[in-house]
Amino acid sequence: MFFSIPYAKETKDDDGSTYTTFEIHVNGAIHSNVRYSQLHKLNDQLQKRFDTSKLAEFPPKKLFALSELEKDERRIMLELYIQSVGQSPEISKSNLFIDFLIQSQKEYNKHTGSDLVNISIFLTDTKEITVEIQGCDHTPEILSNVANKVGIPERFHPYFSLFLFKNDTKKVLIRRLQDLECPYLTLKSLNNSYSIELRKGYWNTGFENDLLKNNVTLHLLYIECIRNIEDRWFMPSPENIKKLKQLKTAGLKEQFVKLAQNERFYGFAFLCTGKVEYPREGEVQDVRVYAGGEKLTMVYEDGQAIALPLTRIKCWKLFSDKKDCLSIEFLVMKDTLRWIDIMTDVPAVILISMSLQSMLDEMLLTRAGKNPELTKIRANSGYLPFSNKDRKAKEIDVKRPKAPSFSALQNQENELFMEGIRDEDL
């Protein structure tokens, strides 16, 4: 998860008194406004439960009113602090921190949590699934409700996720929804041009063997495959396009998916367009960026593609001081590292980073012989007491995790070493 606090602003209380709030953004979108005292309370509770020695320094209390310069210094320190929390696997996945974020989102949206509301979740064929929820229900609860209504067997629930899309001329993938957020409140904070879709939540297409044996999950794979072809996330060969049309007409869903699985870029996600100065320095080229197959792939205007395997990525950085870009330190040959900048917009930078992290986590788990079915959906249990009274993001260096868990595929970890690089990867 990528956190930032781009703004501090003055807010009026019910009695007319003013106080400063800090605007927390999660993965590039506004999440909540919180007071210093609320973050201070969170820090106190984290210190009681976890080793916080590696976190950034929490700004100290002040006896007197802060000047504008001091307020901005406090904002920067709080941003660095919450970013360091987000990079701690243990803390960022804890109920304590997740419930703090959920409660802060509820307070920001002035939602009591007791009202029953309807939320629409869309399948990839545009079919609308409406479920009744409490507005404060977070992502795992809504995912479970939708999966049950669609008829997905419970053991297959962990293979699916909820994704936020922007409805432009074509739907644009924004991000996977996180456990820490309330999807209803997320949509409420946006305009009507956004929607939530149910999609498969894994990268390894080997997981699909069992899903193809169930009629419901087979249908979901089938309609998502058709949608991805229509949106040009992958393009079958001319010969196979004809075969796929015949299979579709005949209603042979399993054969359709199995044939599509053999195509290049099947199982990949199209992330964004951008510009890169690679492989030739000094020559900036337009690319389409894809994630999948344990690599990030850049497709150039002439159709040529260059893949960046995860096993050869040392680290990546979000937002350099010069431009909005994602910078990847890549092993171009043995003993030779090079930085590759993918220049694009802010949401796409965050989406690429989240995709790299989730692919990496899943790859390590797969090699350890684990799969999503071992992951249990997190139950909502308790929350951090939360009182109503109580720009540019800094450069973040994301490194490869030692021990990820499938349920936290989007978390940015602190340490990412060059483990697992084999001679055949070079």
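Here is a short tour of a predicted model, from its sheet to one residue in a helix. Residues count from 1 along each chain as its sequence is written, local features need pLDDT of at least 70, side-chain atom pairs count only at pLDDT 80 or more, and totals for chains, interfaces and linings use all residues. Side-chain values use heavy atoms, with hydrogens and water left out.

Start with the sheet. Color β1, β2 and β3: these three strands make an open antiparallel sheet in the order β1-β2-β3. (Strands are DSSP runs of E, at least two residues, and helices are runs of H or I, at least four, numbered from the N terminus; two strands pair if DSSP finds at least two bridges between them.) At the edges sit β1 (3-12) and β3 (29-35), each pairing on one side only. From one strand to the next, the twist averages 30°.

Now select 18-26, which is β2; six antiparallel bridges link β2 to β3. Click F22 and you'll find its bridge partner in β3, V34.

Next, bring in the helices. α1 packs on the sheet and touches β2 and β3, its direction at about 90° to that of β3. (Axes are lines fitted to C-alpha atoms, for helices over the stretch in contact, with angles from 0 to 180 degrees between N-to-C directions.) Select 68-86 for α2, which lies across β1 and β2 at about 135° to β1.

Last stop: N43, in α1 (residues 36-49). N43 counts as buried because its relative accessibility is 7%, with the cut-off at under 20% (1.4 Å probe, protein chains only). Beyond neighbours within four places in sequence, N43 contacts F58 and Y81 (heavy atoms within 4.5 Å).

How values were computed: Buried < 20%, exposed > 50% of the residue type's maximum accessible area, 1.4 Å probe, protein only.
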